[in-house]
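Reader: I am new to this structure, and I would like to look closely at one part of it. Please take me through the places where its chains touch.

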Amino acid sequence: MITGVRSRGTRLRSTVFGYANLVPFVFFALFPFYFMLITSFKSNAELYSLKSVPLWIQSGVITDHYRYLFARTEFLTWIGNSLIISVAATGISLVISLLAGYSLARLRFPGVGSFGTAVFITYLVPPTLLFLPLSQVVVWLGIADTIWALIVTYPTFLVPFSTWLLMGYFRTIPREIEECALVDGASRMQTLLRIALPMAIPGIVCVVLFGFTLTWNEFIYALTFISQSTNKTAIVGVTADLIRGDIYYWGSLMAGAVLASVPVVACYVFFLDYYVSGLTAGAVKG
Amino acid sequence: MAIGSRALQAAAVGVPSRFARVREWWEQEHVFGYGLILPAFVLIACLVAYPFGMAIYFSLSDYWVGSPGSFVGFGNFLEIVRNEVFRQAVWNSFVFTAIALTCKAVLGVWLALLLARNLRGKRLLRGAVLLPWVIPTALSTLGWGWMFDSLYSVVNWTGIRLGLMTAPGPNWLGMSTYAMAAVITVNVWRGLPFFAITVLAGLVSIPREYYEAAEVDGASSFARFWHVTLPLLKPVLAVVILFSTIFTFNDFNIVYVLTRGGPVNTTHLFATLAYQVGLQGGNLGQGAAISLFMLPMLGMVVFFQLRYIRRE
Amino acid sequence: MTARVSRRRFLQASAGAVAGLSVSVLDRAPALAQKRELSFLSWNHFVPAADDELRRQAEVFSKQAGVTVRVDTIAHLQLPAKRAAEAQSQSGHDMLLTADADPFLFENQLADMGDLVDDLGKKWGGWYPFAAESCQTKSGWKAVPWFWISFPATYNMAHFKKAGLEYPKSWAELLQHGKALKKQGNPVGIAISHCGDSVTTYWSIAWCHGAKVLEADGKTPAINSDKTAAVIEYYKELYRDAMDPEVLAWDDASNNRGILSGKYSWIHNPISPYNAALKEKMPIADDINHHPSPAGPAGTHSAPPINMISVWKFSKNIPLATEFLKFLFQKENYDAWIVAGNAFNHPPLRHLADHPIWARNPKFAMLPKEAEFAHPRGWPAKPNDAVGRIEVNYVLPDMVAKAVNGMPTKRAMEWGQDQVAQAVKGQLKTSG
């Protein structure tokens with residue numbers, strides 16, 4: 001953070017500059033969400049009328065779309081499934097990438113570089129192709145049509161990026177601190193857990209947010225590995241049940257979009273606090 | 001796992017117990033290193049190696065959805081290159097990725113700089129800016145589709161009222177340049193938070209002393225940015241740009257929902273054309289060839305970027 | 001009946017014993033402890049009540065046969081990915097909804113349904129030819145036609161009345177009326193974009209003008225011809241004088257929205273907008289009506305979508321699936337299915353087609369007759385996977401779109417011809 005002795009005038013100008021420049025970004029980011037929100041509360045008559053104003057609700061807020069979502073679809077079950085899958089998959093990925101990231105960043109042994117690159121290559125095949133042979137693997141493992149299929153396969157696309165991110169953080173930790181610890185008699189594992197880990201907290205938070213978001217929004221694996229309605233994830237369920245041929249239940253779709261965003265937003269809000277305090281602590285430590 | 005120093009002393013001084021020998025073995029750098037990588041390695045070997053290999057095999061064989069085929073070498077690749085639609089998709093993908101990536105990188109760094117400031121309501125602002133990344137893509141793209149709809153577009157409605165457009169407004173998803181602009185916009189909208197937040201994390205870890213030193217030296221804010229911030233951001237930026245390139249090249253959802261590759265194949269990307277040819281048309285071999293067409297080139301990009309990052 | 005049931009029960013029990021004894025990776029619980037499960041993958045029907053009816057019938061069959069029938073439904077655009085995954089992993093549902101060229105694409109993986117098809121055909125007065133051709137591959141019947149969806153024209157009577165016009169009986173009349181209606185502010189709408197509707201309409205217009213896409217041998221591209229040129233010219237004129245440019249951006253739902261918004265006067269679409277308007281109690285429902293697909297110089301032709309049911313070869317429940325299919329085609333069940341779909345589901349069997357639901361409602365009365373001038377996609381060629389490829393890659397709407405956007409008709413036709421040739425070249429080699 002840029003601070004120092006500056007005049008009040010400069011600080012005021014700087015603040016105004018900051019806010020003014022943020023306005024277009026915030027507008028660009030929020031407008032579609034606002035639009036989806038009001039669409040979910042508009043009556044169908046107003047939604048499809050060419051004469052209505054699309055920017056706000058004119059004929060009264062209705063909750064029919066939300067009620068349809070809850071009454072006629074298994075929305076809550078789907079949200080529950082998504083939550084379990086996202087938490088489990090993110091947790092597993094976090095542990096795996098922490099260990100791997102530390103190892104690749106800190107330790108020297110033959111094959112470090114090539115493993116690091118190999119891990120990256122996995123991203124080059126898009127999931128829209130990978131899902132086919134992967135569905136075979138899922139069947140062989142006997143987990144087809146269960147949420148375990150997703151919990152087990154999601155780490156495949158989370159681990160590479162998370163590993164790299166954590167590698168970056170682990171590298172910023174001065175070697176001397178760790179070497180001191182080792183000389184003092186700590187084991188390598190202790191060094192990792194007590195010294196390296198706390199210094200990588202911002203990276204860990206990033207990985208958790210990244211992982212949760214990606215697993216929550218994932219579509220193609222969730223579509224193909226799961227068929228039973230009670231095992232579906234939120235996104236697949238909403239798009240499957242609310243788009244019927246050439247009839248789109250726009251209001252309920254948008255309601256589904258709004259509600260499906262809530263858990264992820266909650267996750268961010270919770271972690272953003274942690275993130276901020278972690279960042280501030282980092283700045284103070286310098 | 002965690003043993004007190006007394007046990008360690010005992011192990012070093014007295015009779016080497018089996019437990020102590022195992023501990024010693026585990027403490028070696030390469031053993032520990034391999035051990036930590038083991039979970040990731042198992043994951044990749046079991047769940048990625050086979051599908052990855054199969055995907056490559058698809059592209060080199062005459063594979064159809066209903067029946068496995070025989071090896072045909074580069075036959076599929078030659079066939080798709082002969083097709084004008086595929087060549088169009090290649091062009092589209094490059095245009096799409098280049099423009100989207102540039103926007104995301106430039107705007108992302110700019111946004112990260114703004115968010116790094118000590119403003120009131122920081123948390124709210126950061127949360128607000130993150131929203132596009134957080135809303136499920138499959139659903140937010142539908143929302144955008146509604147915003148660009150040929151009859152009900154709110155973009156056109158607002159544009160006309162503000163005098164920026166003449167009625168009925170651009171045919172967003174029906175004319176090729178507009179359609180490309182529309183899908184790029186949605187991609188930038190969705191990808192910007194990813195850039196901004198990751199760069200922000202990088203920004204924040206730059207020690208304050210560097211800035212203070214630069215300020216004392218009399219550097220302007222732009223000079224501070226150019227000579228202090230940007231060089232120190234390079235590693236983070238390099239990784240994010242690398243990942244974003246791959247994700248953007250392989251983007252599927254946006255084009256699939258908004259235009260299905262139209263109008264007249266001018267927004268088809270590798271992933272959407274591969275889906276159409278491979279899964280809907282049934283020719284998995286060609287579909288895989290389309291998906292993997294960029295593999296060698298992207299592989300090179302990955303290789304060189306990683307070398308660059310590792311050198312830093 | 002009782003003897004059959006108890007014999008079935010005996011077979012089930014012994015099958016269960018054998019399965020329980022065998023070591024199988026895929027068996028998660030001993031079969032003796034569970035009821036046999038029959039799974040069916042279908043689409044989310046346009047009319048939700050039809051899905052409810054299907055599930056209700058599945059329940060009834062479950063009780064009757066002492067099994068569990070599970071019906072999973074997903075969006076129809078998501079089905080290709082699912083089918084491919086099930087074919088690839090050789091595991092998944094027993095029965096599945098198939099459409100278009102699927103019986104040909106998956107020919108080697110689907111079970112032969114010939115006996116059942118013959119039975120049903122004999123019982124109910126025969127299958128409509130276009131339905132039968134869609135399921136008959138060189139190696140046998142790979143699907144049972146289930147229902148077809150009529151593709152009439154949906155129009156807004158009020159707009160036509162205001163213009164003082166009757167509904168168009170031919171494509172030429174549509175052009176004439178369209179010009180007047182567009183001046184009135186109520187254009188007509190035919191999609192020329194990457195969506196299913198645009199392909200269906202192209203077939204109709206092309207056939208009505210005598211144009212072909214493939215010759216009868218199924219291998220020779222037949223796009224390059226005066227007739228196709230006439231079709232493209234027709235589209236160009238229609239686009240210029242009777243339609244709005246937004247049809248280039250349409251997806252399958254856009255024409256529904258267009259007519260329900262009150263702007264459009266005429267679209268080529270099944271009865272889904274009307275049903276939607278009724279459900280939402282929109283006043284425009286009173287103005288919406290249907291008329292048979294227009295005729296052309298070469299007669300009246302149309303390509304209604306047809307949905308079929310197939311059974312995977314790897315399924316362990318093929319006889320059970322056959323029983324379930326027989327059950328679905330019993331008169332009271334099929335009739336209930338028709339009613340639940342609110343006239344949307346048309347039976348592919350002649351004698352099931354005289355249900356009063358169509359005759360009773362003047363807005364639906366003309367729909368069943370479409371079966372008489374319906375053809376499978378690719379006619380005069382028999383349907384095959386090349387036709388499927390041509391459709392899925394939107395070759396026909398793209399060709400028209402190019403011409404409409406300014407490319408000379410001849411060049412657009414040549415492009416289309418080339419694309420068709422490429423689709424035919426990559427032909428799936430099947431055994432037999």
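Author: **Where the chains meet**

A salt bridge here is a side-chain nitrogen of Lys or Arg within 4 Å of a carboxyl oxygen of Asp or Glu. Before going further, please note that this is a predicted model, in which local features need pLDDT of at least 70 and side-chain atom pairs count only at pLDDT 80 or more, while totals for chains, interfaces and linings use all residues. Residues are numbered from 1 along each chain as its sequence is written, chains are lettered from A and ligands numbered from 1 in the order in which they are written, and side-chain values use heavy atoms, leaving out hydrogens and water.

Chain C and chain A have three salt bridges between them. They also have 13 residue pairs in polar contact, with both residues at pLDDT 80 or more. A polar contact is a pair of N or O atoms within 3.5 Å; within protein, one must be able to donate a hydrogen and the other to accept it, and residues adjacent in sequence count only if both atoms are side-chain atoms. On the side of chain C that touches chain A, α2 (48–65), β2 (68–74), α3 (79–89), α11 (254–260) and α12 (272–279) each supply at least two residues; α3(C) gives the most, with six. Helices (H or I, at least four residues) and strands (E, at least two) are DSSP runs numbered from the N terminus. By class, this side of chain C has eleven nonpolar, 13 polar and twelve charged residues. Ala, Val, Leu, Ile, Met, Phe, Trp, Tyr, Cys and Pro count as nonpolar, Asp, Glu, Lys and Arg as charged, and the others, Gly among them, as polar.

In total, 36 residues of chain C are in contact with 33 residues of chain A, contact meaning heavy atoms within 4.5 Å. The two chains bury about 2,900 Å² between them, and carbon and sulfur atoms give 55% of it. Buried area is the accessible area (1.4 Å probe) that two parts lose on being put together, summed over both. C:Q78, C:K82 and C:Q88 supply 17% of what chain C buries against chain A, more than any other three residues.

Now turn to chain B, where 98 residues are in contact with 108 residues of chain A. About 9,800 Å² is buried between these two chains, 79% of it on carbon and sulfur atoms. B:E29, B:L139 and B:W146 supply 7% of the area that chain B buries here, more than any other three residues. Between chain B and chain A there are zero salt bridges, and four residue pairs are in polar contact, both at pLDDT 80 or more. Helix α3 (residues 29–59) of chain B gives the most to this side, with 21 residues. The residues on this side of chain B divide into 72 nonpolar, 14 polar and twelve charged.

Chain B meets chain C as well. C:H194 sits in the loop between β8 (188–189) and α9 (196–208) of chain C, and the side chain of C:H194 reaches the backbone nitrogen of B:G262 at 3.4 Å. Among the other residues that C:H194 touches are B:T259, B:R260 and B:H268.

Conventions. Lists of a residue's contacts leave out its neighbours within four places in sequence.
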